[in-house]
Amino acid sequence: KPNLMNLPKRGANNLRDLQTADAGCLLVAADLDKVEVRFTAILAPDAPFLAAFEQGIDTHTKNAVDLFGATDDKEEAERRRDCGKIAAHGFDYGCSAETMWQQLVKRFPKLTLAVVAEMRRRYYQVHPDILLWHKRLLHRVQQSGVMSAPLGHRRIFFPDPNTIDPAVLYAFGPQSSTAWIVKRAMQRLHKGGWDIRINCHDELVLNVPRPDVI
């Protein structure tokens with residue numbers, strides 16, 4: 001505690017400030033843009049998200065409009081985007097309205113359970129193929145006891161596949177594949193002599209000499 005693979009960026013627990021660049025260097029962060037959403041869209045497959053990525057549309061902004069409607073207030077639009085982004089990740093992994101509300105209310109105190117339940121209903125209404133994907137995955141693993149990720153990872157749900165946590169099942173493909181890509185990137189950077197200071201999920205922070213910063 002805290003999870004060193006998910007160091008907080010905001011507030012009093014912003015532990016990233018403990019990391020500083022060396023003299024003559026800068027800390028440069030790079031992450032895989034919406035990588036878990038992309039994997040979910042491909043695996044489901046989910047037509048609305050696939051179309052958004054194809055057209056270069058910000059999926060989190062689109063999701064906020066789908067869940068809450070449009071607004072011309074920039075501050076409110078950003079708040080809705082943040083709320084919808086967190087909720088979408090939870091719904092992609094089968095999160096219930098009650099569990100999602102318990103997470104969101106810490107950051108959005110005025111949010112009610114009824115609103116989150118409506119958000120969940122609207123999300124699956126816009127993305128029905130994600131819900132169907134959940135059902136296919138659960139049935140497949142209950143029959144075989146084995147889950148295979150797109151990039152070849154396998155997980156055996158033992159001893160009784162009928163007692164598995166669906167959220168773990170739904171997250172396994174996107175998250176394990178993301179980890180595989182990030183670890184390959186870390187290997188290549190390390191072999192290339194780059195100084196990796198932080199690895200947080202799908203983000204790498206490098207200590208880079210200033211002339212090398214693009």
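Author: Begin with the core. A nonpolar core is a set of buried Ala, Val, Leu, Ile, Met, Phe, Trp, Tyr and Cys residues joined through side-chain atoms within 4.5 Å. Buried means under 20% relative accessible area, exposed over 50%, partly exposed in between (1.4 Å probe, protein chains only). Here the largest core has 33 residues, and Leu 104, Met 119, Tyr 123 and Leu 169 touch the most other members. At least two core residues come from each of α1 (35-43), α2, α4, α5, α6, α7 and α8. This is a predicted model: local features need pLDDT of at least 70, side-chain atom pairs count only at pLDDT 80 or more, and totals for chains, interfaces and linings use all residues. Residues are numbered from 1 along each chain as its sequence is written, and side-chain values use heavy atoms, with hydrogens and water left out.

Reader: Which residues is Tyr 123 in contact with, leaving aside neighbours within four places in sequence?

Author: Contact means heavy atoms within 4.5 Å. Tyr 123 touches Phe 49, Asn 63, Leu 67, Ala 88, Phe 91, Asp 92 and Ile 130.

Reader: Which residues of α6 are buried?

Author: Helices are DSSP runs of H or I with at least four residues, strands runs of E with at least two, numbered from the N terminus. In α6 the buried ones are Val 116, Met 119, Tyr 123 and Tyr 124. They lie on the same side of α6, because their arc around the axis is only 120°. That arc is taken from the directions from the helix axis to the C-beta atoms. Exposed Ala 114 and Gln 125 sit on the face turned away from the buried side. The cover over the buried residues includes α2 (47-55), α3 (59-68), α4 (74-92), α5 (97-104) and α7 (128-144).

Reader: Now the sheet. What is the strand order?

Author: Strands of a sheet pair through backbone hydrogen bonds, either parallel or antiparallel. Two strands count as paired if DSSP finds at least two bridges between them. This open sheet has three strands in the order β1-β5-β4, with antiparallel pairing. β1 (25-31) and β4 (195-200) are the edges; each has a single partner strand, so one side of each lacks a neighbour in the sheet.

Reader: How many bridges join β1 to β5?

Author: Seven, with β5 spanning residues 203-209. Cys 25 has Pro 209 as its bridge partner, and Asp 31 has Glu 203. Five bridges join β4 to β5, where Ile 196 stands opposite Leu 206.

Reader: Is β5 mostly covered or mostly open?

Author: Mostly covered: six of its seven residues are buried.
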